[in-house]
Amino acid sequence: MRVSPIRLSAALLSLTLLTPAFAGGAGGPRALMPDFSAVTPWPIDCHAAPTLTDGCRLRVPIPAGTMLPTTGQFKIVPGTNQLTVLYRAAAGTGRPILCCGLQIPLAPLPSTDVWAATVKVNNLNRAVISLQVLTEAYSPLTPTTVWRGPQAPAPVPRPGVLAGQIDRFSLTSDSVIGPRDIRVYTPPRWTNAERLPAVYMADGQAVEEFARTLEAAMARGTAPRVILVGISSAQSTGVTGSDPLKDHRALEYLEGLPGGAASFAAHEQFVLSMVLPHVEQTYHLSTRPQGRVVAGFSNGAAWAISMAARHPQVFRGVVAMSPGSGGAQNAPHPATRVFVEAGTLEPLFLNSARTYAANTRLAGNPTHLEVRVGGHDEAVWRDVFPSGVAFALNH
């Protein structure tokens, strides 16, 4: 195959920029150091937070000999307990940031249009991390790539097309909640004659993604047949970081959040008095507490924890993935089965998960704590969800 001279020249130029002394000479091979002064200081740099053991940014040069990516592309370079990501920006892109299993700003490499970050990741061989480059306004610049270490858990199979069905409809409550989308997944060959347990999920707009891994697990017999009921989250308004009262999702999900009591209570009553009665009648669901599981991720997991604790005669199963640390963490009914998961690259959420697991074990709950090498990452949540449902329903 004939190689284009233009492409070959670009590749050689990239190598020259990265390792100007690669061909030999005094000092040997050299690698470029990102210009950290060109970006806003990051609060989780490893040198500034010496107690962090994972997920912090290392101020080190990128690995010598690494070829730079082409325009609009990013490259992942694994090392010894560290992962380097590089992205070559198109003209006028602005400052890119790295999302989502690792959430960190990229720093420019001098004399290039390449941006880079190196992150400390202990046990990198077992890591599962989704990566995507975004603008500072959170618009995607690259597709999402899921990087798996050579000893990482195998990905859970996901069918391209669901054999089951997802129904979508709206329920309307008072002016606080308003109309809210509900998505209900029913497994293949389900009829009203089959009285199934249900998993009530926060952030219900993500139900289809979780149904894919769950459906594959059901087909293998590693998860029970269930119905997923997804309750869509509230839409935030404005810049939530500068005004927490505009983060309506957090106000509904985090019990005890300052200024959120009315929103939490309104959403709680909406779920109990409207969602449960409607779907249980429509889909002939089990009304036994043992047949109801409440689930979520991030702040949605904190909501699941609160609902199980506040309504012990309603829910007897919890699946809490990367639970937010801002909610109450009271233990549920002692018979409630608890599955909780978090990653080593999300220290605050991991601490929250460990605290909750310790509380439920102390209260006598059957509890499983799953710690993955990963971050605040939907790729990890999708993988562990079928196991969580199976544990919560004692399958």
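This report walks through the aromatic ring pairs of a predicted protein model.

The protein chain has an average pLDDT of 87, and 89% of its residues score at least 70. Residues 1-29 are a stretch to read with care, as their pLDDT is below 50. Beyond near neighbours in sequence, that stretch makes 28 contacts in the model.

Now to the rings. Searching the whole structure turns up six aromatic pairs. A pair of this kind is described by how far apart the ring centres are and by the angle of the planes. Two of the pairs are set out here.

| Pair | Centre to centre | Angle between planes | Geometry |
|---|---|---|---|
| Trp190 and Tyr283 | 5.8 Å | 40° | tilted |
| Tyr200 and Phe315 | 6.2 Å | 70° | edge-to-face |

Trp190 and Tyr283 link distant parts of the chain, 93 residues apart. Trp190 belongs to the loop between strand S11 (179-186) and strand S12 (198-201), while Tyr283 is found in the loop between helix H4 (261-282) and strand S14 (292-297). Trp190 has a relative accessible area of 18%, so it counts as buried, and Tyr283 is buried too, at 6%.

With Tyr200 in strand S12 and Phe315 in the loop between helix H5 (299-310) and strand S15 (317-321), the second pair ties together parts that are 115 residues apart in sequence. Tyr200 is buried at 0% relative accessibility, and Phe315 is buried with a relative accessible area of 0%.

Elsewhere, ring pairs join Phe210, Phe297, Trp381 and Phe385 into a cluster. A charge meets a ring as well: the charged end of Arg337 sits over the ring of Phe391, 4.3 Å from the ring's centre.

Conventions
Residues are numbered from 1 along each chain as its sequence is written. This is a predicted model: local features need pLDDT of at least 70, side-chain atom pairs count only at pLDDT 80 or more; totals for chains, interfaces and linings use all residues. Side-chain values use heavy atoms; hydrogens and water are left out. pLDDT is the predictor's confidence in each residue, from 0 to 100. Contact means heavy atoms within 4.5 Å. Rings of Phe, Tyr and Trp (its six-membered ring) pair if their centres lie within 6.5 Å; planes under 30 degrees apart count as stacked, over 60 as edge-to-face and the rest as tilted. Helices (H or I, at least four residues) and strands (E, at least two) are DSSP runs, numbered from the N terminus. Buried means under 20% relative accessible area, exposed over 50%, partly exposed in between (1.4 Å probe, protein chains only). A charge sits over a ring if NZ of Lys or CZ of Arg is within 6 Å of the ring centre and within 35 degrees of the ring normal.
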